[in-house]
Amino acid sequence: MKKALLLALAMTATTSMAAPFIYPAAWTAEQNTANKRGGEFRDFIISDFKTSNPFTSAEADSIPITMEAGAGLFIQDPRNDEFIPKMAAGPAVVSNNNKRFVVKIRPDMKFSDGQAITAEDWITTWKIHTDDKVGSNSYDSFFINDKPVTIKKIDNLTLQFDFPSQSSTALATMSFTPWPDHVFGKAYKAGGAEAVKKLWGLGTNASEIVSPGMWVLESYRAGERAVFKKNTNFGAWNTDSKGNALPYLDKYSYRVVADQNAGLAAYLAGQIDTFGVRNADDLAQIKKAIDGGNLKAYLKANVSPQAQSSWITFNWNKASDPAKQTLFRDVRFRRAMSHIANRQAMIQLALGGLGTENYFSVYPIFKSQIDAGIAAGAPRYQYDLSQATKLLAQLGYTKKNAQGYLTGKDGKVLEFNMATNAGNTTREQLGRIFTDEAKKVGVKVNFTPIDFNTLVGQLTSKGENRPFDAILLGLANGTNTWPFGVNVVPCGTNLHSFNNPTDGKCATSQEQLMTKLFYQGQAELNTAKRLAIGAQIMKAEGELQPVIYLVGNNYHVTFNSRVSGEFPATLMDGYYESRNVALTFIK
Amino acid sequence: MFPFLIRRFFQSIPTLLLASVLIFFVISLAPGDFLTPARLNPGISEQQLANLSASFGLDKPAYVQYFYWMRNMIFHGDFGLSFQYTQPVLPVIWPRIVNSVYLVLLNLVFFYAIAIPIGVYGAVRQNSFGDKAINVVLYFLLGFPSFFLFLIVIYLILNIRNATGWDIPLGGMTSGNYDQLSSLGQFWDVLRHLLIPALVLAVTDAAGLTRVIRGLMLEVMRSDYIRTARAKGVSESSAIWKHTFRNAILPIVAGIGGLLPAAISGAGFVEVVYAYPGITPMLLTAITASDLYLIAGFTVISTILLIIGNALSDILLAVVDPRIKVG
């Protein structure tokens, strides 16, 4: 009896010790009830992979990012945006005014080569990412307003994170992937940054590459394909809700294609399992193939807006042309420009009806923030030509010349130059629609597409006399925790595109307010309070209209019907996308 | 021969120097650099951009970058670091060059196998119906950009595939199950993928060489020694192949040196259309990404090969034509 009790105790102890991470059943629309195993998910990538090295990799689709799936202390739940412990054994213990986080690591986790994953791996990874000689893409995430986050190893399975200030994105910052100390730490100690950069190039034998995550590289053929096999050690601490090891799939592969069109062709021919639909034309081709019986696939259009926006920015630093500088700095002029932007026409004509109107720097996909802003009274200057005419009249533009353009008191035509990057047909169309509408109220817009690199140079230039009038461009990237750009909102940053003098000072009280609120919101841990601060930024931004936001593309989902395990329709969106690969299986 | 090579070597130095200066500054003078797209990322700080700039050496003036590059190339045989791959250029481009060489070599085999017989036929049966008909077709094909013709070919293959169910490759260099095949199976798999692009390229380009061979053959055939040979009673095939053809191809041999750089420069846009992992798609991506050293390094390598190739064809010419001496 005593023995049995001991055994039972021992069993509960070991199971609680090695309790795996359970992927919630609600993360998939279809349970793998038949317990299907094996098979390959066939993805695609444009141009080619660049490296297997996680410290020098810069692309969104890369070998390290594919391998590391599911490796990180915390993971964001698409149902409620909460961070839940993944490699962490439990929630972080918070102290020191919300600046210190002590995290226990799940025991018994192993890399694909069988070595244990321990605190040392996090420490090494952090050290290498923050060495400025490495040039890692993750460098910025370990600094908050230029002050470093520090990480200490308490014991083999305990980490202590110290933040320089409170941070709303602390859990995301801590969720970086730990790469093997026995590979990178060794090289780093021996040869520093240069030795790390030499590791894991594309020429490296796949068998030498080690992964903490769901996949590990099996083979790579330059310019053709990369095949990943499942990391069996990952299944030891990751299961579905019934206790089956994950992932279900054996392989994940990428076919290298020359461009999006080639990717679409491969998808239509059934050679790959998914495709990133760009526009109405892609949708129509896929729909036609499905209707014609040539392709069996899931297709859902307009799932959500994408995390992106297009906008027009006016240059406030034009010392060479004081008249224009005064005009661009006048809020009435910019509001009039927002009234001119016919966003519905842009969606219908340029995006084939598949887009969403934008009025703020927050992408419409971050709905809770947008709703909070509008509830707080953030204004939207919608398409209304008569309002535009009225505002321009207040500026003294009442008379039109023979060509129908407004002229000022000095007889000068109300005109400005606007540039976008040549070759981007969508932006060129947006610019033309804006130009046509502007002409209706008598504003002359000289719209010219120019070289992308030149354009970015103009946009990010600093000084009292920057070389442009107006630029039409777009931005993407951002997190849903704090959806304001660290490089956009505060004065003096690179993409504070409308006003960027040499000293980086704000020109208006609203900019000062927005800068202050940005840092305040970044440090706010309470979601409701953070949304309220964000709403205040949106209100100030809406009133100031520093940048005229136009439209953004929508997100569409399509995948071959042979694969299953996608998110339920309510969870799919442009941020979390359409599936968790761990729960994906071949029917 | 040895003094000839020495002279060639010293002559090539200013050529290479000029070529490297030109290619380096043409790329660096274009607006923007490799980091321009990163400047549009709302999440990348200026500190990080400065770090990257310093680690790629982009913070220094272009002429300093050029001298560093030259120094590493001359003393360490290092063609620079590809920004995209963060690896030295040579190992990055090497596998792609090898792939391109396969395609170009097979293409050359087809090219000569088609162009030479047709050219000779055109000369022997000058202005016959066959001669004219072939010329019309070849000129028509020559007028097409090869990548456009190739799109049409791919469309045709797609239709044949759909109609017959034959597994004709539509692109790429290997099938999905390549790694599981035996070595003979792998050889056949690659060959199968190469056949169609190599053949299509050869047919479209054949018109030029066919015309040249036809013209040269006609010229030689009218010469006195051929008439003499025929009068002596030499068989017709011997008169054409041994006496006429061998003399007619001399100018073509002179051009063989150009094949060396051509072999590594890839098959051009056909590689892009056929999703072939050759050097062309990689170079195009590098140009869009302003991957300075990848483009410059590759150009230097192909310039060196061009110089070697020219020296080789001069030597070859001396071998084929006893009237020419190198020295």
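## Residues 97-317 of chain B

Across residues 97-317 of chain B, the chain is 80% helix and 0% strand. The model is a predicted one. An unreviewed UniProt entry lists residues 97-317 of chain B as "domain: ABC transmembrane type-1".

UniProt, again in an unreviewed entry, also gives "transmembrane region" for residues 101-124, 136-158, 194-213, 248-274 and 294-320 of chain B. One of these, residues 101-124 of chain B, is 100% helix and 0% strand, with its end C-alpha atoms 34 Å apart. Residues 294-320 of chain B are likewise 100% helix and 0% strand, and there the end C-alpha atoms are separated by 38 Å.

## Confidence

The model has an ipTM of 0.76 and a pTM of 0.84. For chain B the average pLDDT is 83, and 99% of the residues score at least 70.

Within chain B, confidence is highest in helix 4 (residues 89-124), at a mean of 88. The lowest value in chain B belongs to helix 11 (residues 259-265), with a mean of 74.

## Contact between chains A and B

Chain B puts 33 residues into the contact, and chain A puts in 37 residues. On the side of chain B that touches chain A, the elements giving two or more residues are helix 2 (46-56), helix 4 and helix 13 (279-288) of chain B. Helix 2 of chain B supplies the largest share of that side, six residues.

Sorted by class, the side of chain B that touches chain A consists of 14 nonpolar, 15 polar and four charged residues.

## A four-stranded sheet in chain A

Chain A contains an open sheet of four strands in the order 5-6-10-9, with antiparallel pairing. Strand 5 (93-95) and strand 9 (150-155) of chain A are the edge strands, each pairing on one side only. On average, neighbouring strands of the sheet are turned by 20° against each other, direction ignored.

Strand 6 (residues 100-104) and strand 10 (residues 158-162) of chain A are joined by five bridges in the antiparallel sense. In this pairing, K104(A) is opposite T158(A) of strand 10 of chain A.

Helix 3 (residues 119-129) of chain A lies across strand 9 and strand 10 of chain A. Relative to strand 9 of chain A, helix 3 of chain A runs at about 160°.

Key:
Residues are numbered from 1 along each chain as its sequence is written. Chains are lettered from A and ligands numbered from 1 in the order in which they are written. This is a predicted model: local features need pLDDT of at least 70, side-chain atom pairs count only at pLDDT 80 or more; totals for chains, interfaces and linings use all residues. pLDDT is the predictor's confidence in each residue, from 0 to 100. Two strands pair if DSSP finds at least two bridges between them. Axes are lines fitted to C-alpha atoms, for helices over the stretch in contact, and angles run from 0 to 180 degrees between N-to-C directions. Two residues are in contact if their C-beta atoms, placed from the backbone, lie within 7 Å. Ala, Val, Leu, Ile, Met, Phe, Trp, Tyr, Cys and Pro count as nonpolar, Asp, Glu, Lys and Arg as charged, and the others, Gly among them, as polar. UniProt positions are given in the numbering used here, feature names are shortened, and annotations may be inferred rather than shown by experiment.
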